[in-house]
Amino acid sequence: MSATDTTTEPARCRKCRRPLRNASPDGLGPKCRRNVRRANRENAARYQGWQVAKAAELLELGAIVPLRKTSLTRVFLVVSDDGSEIYRTAASGQCNCPAGLRGVRCYHGAAAAAAA
């Protein structure tokens with residue numbers, strides 16, 4: 001008598017990990033989606049338009065993963081455009097990508113600021 005257990009895990013928000021009632025294509029819950037959109041609007045003042053668009057794309061693809069959380073800053077692992085590199089990026093905009101090491105604001109920082 002072998003019965004297979006087919007319990008399915010509820011879909012969870014990619015940002016806060018809360019269970020979702022209705023799965024969404026972007027993987028975010030309604031509150032997190034609202035917060036990400038607000039952060040993208042705020043980033044529009046600090047970053048160029050193409051950087052905000054690429055940051056939103058990173059968030060939609062799930063290419064940004066929280067590494068650790070401290071009281072002052074959040075650190076994320078961000079996948080590069082071609083998927084060959086992984087960069088460490090803080091919500092403050094600091095990044096170890098080639099542009100970030102030169103002191104240029106990169107879209108990885110914009111994505112981290114939106115995800116924080």
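Predicted model: local features only at pLDDT ≥ 70, side-chain atom pairs only at ≥ 80, totals over all residues.
Colleague: Where in the protein is confidence highest?
Modeller: The average pLDDT of the protein is 81, and 90% of the residues score at least 70. Confidence is lowest in strand S1 (residues 64-69), with a mean of 78. It is highest, at 92, in strand S3 (residues 86-90).

Colleague: Which residues of H4 are buried?
Modeller: Of the 116 residues of the protein, 34% count as buried. Helix H4 (residues 107-115) is mostly covered, with nine of its nine residues buried. The buried residues of H4 are Tyr-107, His-108, Gly-109, Ala-110, Ala-111, Ala-112, Ala-113, Ala-114 and Ala-115.

Colleague: How far apart are the closest N and O atoms of Asp-81 and Lys-54?
Modeller: Side chains of opposite charge can pair when their charged atoms come close. A search of the whole structure finds one salt bridge, and Asp-81 forms it with Lys-54. The cut-off for such a pair is 4 Å between a side-chain nitrogen and a carboxyl oxygen. For Asp-81 and Lys-54 the closest N and O atoms are separated by 2.8 Å.

Colleague: Which parts of the chain does the salt bridge between Asp-81 and Lys-54 link?
Modeller: Asp-81 and Lys-54 form the salt bridge, and the two are 27 residues apart. The pair links distant parts of the chain: Asp-81 lies in the loop between strand S2 (74-79) and S3, and Lys-54 in helix H2 (residues 49-61).

Colleague: Is Lys-54 buried or partly exposed?
Modeller: Buried means under 20% relative accessible area, and exposed means over 50%. Asp-81, at 57%, is therefore exposed. Lys-54 has a relative accessibility of 21%, so Lys-54 counts as partly exposed.

Colleague: Which residues form the positive surface patch?
Modeller: A patch takes residues with over 30% relative accessible area and no salt bridge. Lys-31 has a relative accessible area of 52%, and Arg-38 has 39%. Both are in the patch, whose residues are Arg-18, Lys-31, Arg-34, Arg-37, Arg-38 and Arg-41.

Colleague: In which helix is Arg-38 found?
Modeller: An α-helix has 3.6 residues a turn, so residues three or four places apart point the same way. Lys-31 of the positive patch is found in helix H1. Arg-38, which spans residues 30-46 with its helix, is found in H1.

Colleague: What separates the C-alpha atoms of Lys-31 and Cys-13?
Modeller: Arg-33 is in helix H1, and Arg-33 is partly exposed at 21% relative accessible area. Arg-33 and Cys-13 are 20 residues apart in sequence, with 9.5 Å between their C-alpha atoms. Lys-31 and Cys-13 are 18 residues apart along the chain, and their C-alpha atoms are separated by 9.8 Å.

Colleague: How far apart in space are Val-104 and Gln-94, C-alpha to C-alpha?
Modeller: Val-104 lies in the loop between helix H3 (98-101) and H4. With a relative accessibility of 43%, Val-104 counts as partly exposed. Val-104 and Gln-94 are 10 residues apart in sequence, and their C-alpha distance in space is 9.3 Å.

Technical notes: Residues numbered from 1 in each chain as written. Heavy atoms only, no water. Patch = residues over 30% accessible without salt bridge, like charges linked within 9 Å, V, L, I, M, F, W, Y side chains within 5 Å. Areas by Shrake-Rupley, 256 points an atom, 1.4 Å probe, with all protein chains shown as cover. Lys, Arg positive; Asp, Glu negative; His and termini not counted. Charge placed at Lys NZ, Arg CZ, Asp CG, Glu CD. Helix = DSSP H or I, 4+ residues; strand = E, 2+ residues; numbered from the N terminus. Buried < 20%, exposed > 50% of the residue type's maximum accessible area, 1.4 Å probe, protein only. pLDDT = per-residue confidence, 0-100.
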